[in-house]
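Thanks, everyone. Please have the viewer open.

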Amino acid sequence: GFRESMAGAAAELAKNLDAAAIVVFSSRAGRYAVEMSAARPTQPVVVFCPDDGLQRRLALFWGLNAITLDFDRLNPEDGIARASSVLLERGFVKSGELIVLVSDMLVANNATVNTVQVRRVR
């Protein structure tokens, strides 16, 4: 399906770019995170979750490093900056390395935006 294809593409992109990590922002049930686990990427997968319950559930899946992080769906850049700081602090990445970011974030009008992005951590 759609999420499986996105997860597979993100895993392949991360491998081809030698990215330091794949980062998933999980805003609801964690479906992208589960698909990333199923894709078995070679890079570490770090999942940022809005609540501890989802974090605990996702931590049970293969290869997922689930971290609780409160993020504002109306300001995704702030969430990405805060997540980047956590990635650096916890040693998942070093400054200047690439990450592949996957999200299915809700936006202002309750629509879902599905993205795969490549970012350099600063």
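Salt bridges, then. This is a predicted model, and it holds 2 of them.

Take arginine 119 and glutamate 77. They form a salt bridge, with the closest N and O atoms 2.8 Å apart. Where do the two partners sit? Arginine 119 is in strand 5, residues 112-120, and glutamate 77 is in helix 4, residues 76-89. That is 42 residues apart, so the pair links distant parts of the chain. How exposed are they? Arginine 119 is partly exposed, at 23% relative accessible area. Glutamate 77 is partly exposed too, at 46%.

Now the other bridge. Aspartate 78 and arginine 82 meet through their side chains, at 3.9 Å from N to O. The cut-off for a salt bridge is 4 Å, so this pair counts. Both residues belong to helix 4. They are 4 residues apart, which means about one helical turn between them. Aspartate 78 is partly exposed, with a relative accessible area of 33%. Arginine 82 is also partly exposed, at 33%.

Why can such pairs form at all? Side chains of opposite charge can pair when their charged atoms come close.

Next, rings. The aromatic pair count comes to 1. There is also a charge over a ring: the charged end of arginine 3 sits over tyrosine 32, 6.0 Å from the ring centre.

One more lysine to click on. Lysine 15 lies in helix 1, residues 2-17. Buried or exposed? Lysine 15 counts as exposed, at 51% relative accessibility. Beyond residues up to four places away in sequence, lysine 15 touches Thr42 and Gln43. For scale, pick asparagine 110. It lies 95 residues from lysine 15 in sequence, and 32 Å away in space, C-alpha to C-alpha.

Last topic: the packing. The largest nonpolar core has 21 residues. Those with the most contacts inside it are Ile22, Val24, Met36, Val45, Val47, Leu58 and Val102. Which elements give two or more residues to this core? They are helix 1, strand 1 (21-25), helix 2 (31-39), strand 2 (45-49), helix 3 (52-58), strand 3 (64-68) and strand 4 (98-106). Helix 1 gives the largest share, 5 residues.

Zoom in on valine 24. Leaving aside neighbours within four places in sequence, valine 24 is in contact with Tyr32, Ala33, Met36, Val45, Val46, Val47, Phe48 and Val102.

And there is a second, separate core of 17 residues. Among its members are Ala20, Ala21, Val23 and Leu87.

Note on methods:
Residues are numbered from 1 along each chain as its sequence is written. This is a predicted model: local features need pLDDT of at least 70, side-chain atom pairs count only at pLDDT 80 or more; totals for chains, interfaces and linings use all residues. Side-chain values use heavy atoms; hydrogens and water are left out. Buried means under 20% relative accessible area, exposed over 50%, partly exposed in between (1.4 Å probe, protein chains only). Rings of Phe, Tyr and Trp (its six-membered ring) pair if their centres lie within 6.5 Å; planes under 30 degrees apart count as stacked, over 60 as edge-to-face and the rest as tilted. A charge sits over a ring if NZ of Lys or CZ of Arg is within 6 Å of the ring centre and within 35 degrees of the ring normal. Contact means heavy atoms within 4.5 Å. A nonpolar core is a set of buried Ala, Val, Leu, Ile, Met, Phe, Trp, Tyr and Cys residues joined through side-chain atoms within 4.5 Å.
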